[in-house]
Amino acid sequence: MAAIEKELAIDVTGVTKRFGDKTVVDAINLSVRRGEIYGFLGPNGSGKTTFIRMLCGLLTPDAGSGTCLGFDVRTQQAEIKRHVGYMTQKFSYYEDLSIRENLDFIARIYAVPDRAAAVQRSLERLGLTHRSHQLAGQLSGGWKQRLALAACLIHEPKLLLLDEPTAGVDPKARREFWDEIHQLAAGGLTVLITTHYMDEAERCHRLAYLAYGHLLTRGTLADVLATAKLTTWRVTGPDLLNLAATLRRQSGVEQVVAFGNTLHVSGRDPARLSTVITTLRDPRHDWQPIASGLEDVFISLMDEAKDNFS
Amino acid sequence: MSLPRFTLHRLWAIVLKEFIQMKRDRVTFVMMVGIPLMQLMMFGFAINSDPRHLPTALRLGDQGPFTRTLVQALRTSDYFSIIHETSSESDAQRLLQIGDAQFVINIPEDFSRKLLRGERPTVLIEADASDPAATGPALASINALANTIFNRDLPGPLTRLRAKNGPVDFRIHAHYNPENITQYNVVPGLMGVVLTMTMVIITALAITRERERGTMENLLATPVRPFEVMVGKILPYIAVGYIQVTLILIAARFIFHVPMVGSLPLLYAVAFLFIAANLAVGITFSTLAKNQLQAVQMAFFFFLPSILLSGFMFPFRGMPPWAQNVGSCLPNTHFLRIVRGILLKGNGLAEIAPELWPLLAFLVVAMAIGVKRYRQTLD
């Protein structure tokens, strides 16, 4: 158990996974501190799920090494499974079992001591007590997510791996879910969570962005924004549709995104962007420099990665 | 303006989509072609309700010329294939008991003498009649044989010996099922068929369902070992299998009045091997099938020969050698012989042993493939 007490919950280098001749995860290095909520972002098919499966012992890396909770990801998969809670992207508990039966089954698999009490505690903490006899298949998306979280916490794991846990869940349930995650992290649990929501990304202690199997950036929110070196201007005024079309044809302009009655125009090279803006200036339009958003940064990173890796 | 009730382009949209999906599901496509072909092969070439070349043991008490004629006639007849000659009665009985011989033909010591004296010697034909369909045509041919067999050997003055009802008295003793009741053969056989059908389908579905619903990934992320999952999934169905065995035995005893000569505990013990073998097949299918439909199709693919080539529906010995070889690879073939042997013939462990080994071998191979495939699906 001493190994688990180490400062880093996840510490891997060069982790690679290939399916056939396709490299799905390419030499990723990642360290996650204990008690940290680590956000994992990236487009669909970027290798997030494959990476998580390697961390929790479902897949063996083709190359690379490292530890998860102090256990070797290549050789000590059985130990890792015992101390990790993994919530799959798709609901993966038994729809024809009741909530209580599902929790009881998982508790038995992990040989949780004093099982009945552990199941009861878990039901209470997640507010599922009054629904405990309902079949899991009859639950709505939000409740299924709560059940899945309860089930992967029942053996008191040291690390929680959550693969898009909030996909298709309403904003209120999402907020409650994140409050729960923050409480768990405060109690010392390490959480690695994948998401496509920018507001959720902002609730993580640190972030990493993955595309085409490569880790493109990582750090705190401020770090990620600072290192991106993306300049963004906001335009308001008439006839933005035509302006957007014109802007997209200019070199130096990477993103033109409509937000209601405004356009956000971003580019990596501030000088070239300024030149473009000067040449297109129209007195009817109001141009203001603004801070780049996380989404702009990620899309910029992805476009850059597309040039480099695909 | 009202919308038309039926439009061809909408119908065509559905038809086209179905064809695309059919093309994507390779296994279903193969099955759609494979199952008719398999049925064609089995019904067209393998199945024969007039089985010939049945293994026959001879017990010779007499070596005279008439005996030689009789043996020669039997040899040239299509129905009997003499596999063994012995003078010992217990030897002959054993061959019948373990099912190596379908018939034992006893030619008495004073055969030639009695024939010449016109005393109509008795030739006892003992038949394993547990499957009336297998023995019927051969026994019918004997009577036709009886009248003409010695016509050449009894010329001129001996013609008188060609008595009205033949010079030889062929007596048929149908063992194990003397009244030729089809149910005595079918009902015990049904045990193997029912177990094959339910055990293979149930396990194939049970594991495929986990994969299809995504619960397998979750299960694999827990500390549970593949072996624990497999055995844990098998055990409940072994119980189900035993319930089926018991139901069939009760029905056999009280509804069909099937004789139960042998030991029921032995039958229950052997059934374990058979149930396990079928469950292992189900697990192997479940590791190959991508969805529950494919699992059912594969189970059907296994079930079809198990019913047609095992000797359940049609006499095993009526089939050509290739079909017998295929049949011999199926656990149901051996289990049928065991069940019929125990219930109808009163066979003990020693007599059923030759059928136990193939069953065990099948179990080991199916289990090994199942476990190996299951492990591979982890990565």
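## Contacts between chains B and A

In this predicted model, 15 residues of chain B are in contact (heavy atoms within 4.5 Å) with 18 residues of chain A. Together the two chains bury about 1,600 Å², and 51% of this lies on carbon and sulfur atoms. Buried area is the accessible area (1.4 Å probe) that two parts lose on being put together, summed over both.

A:Asp96 and B:Arg213 form a salt bridge through their side chains, at 3.7 Å from N to O.

## The side of chain B

Helix H7 (182-213) and helix H8 (215-221) of chain B each give at least two residues to the side that touches chain A. H8(B) supplies the largest share, 6 residues. Helices are DSSP runs of H or I with at least four residues, strands are runs of E with at least two, and both are numbered from the N terminus.

## Confidence in chain A

Within chain A, confidence is lowest in helix H11 (residues 294-309), at a mean of 82, and highest in strand E8 (residues 190-194), at 96.

## Conventions

Residues are numbered from 1 along each chain as its sequence is written, and chains are lettered from A in the order in which they are written. Local features need pLDDT of at least 70, side-chain atom pairs count only at pLDDT 80 or more, and totals for chains, interfaces and linings use all residues, while side-chain values use heavy atoms, without hydrogens and water.

Technical notes. pLDDT is the predictor's confidence in each residue, from 0 to 100. A salt bridge is a side-chain nitrogen of Lys or Arg within 4 Å of a carboxyl oxygen of Asp or Glu.
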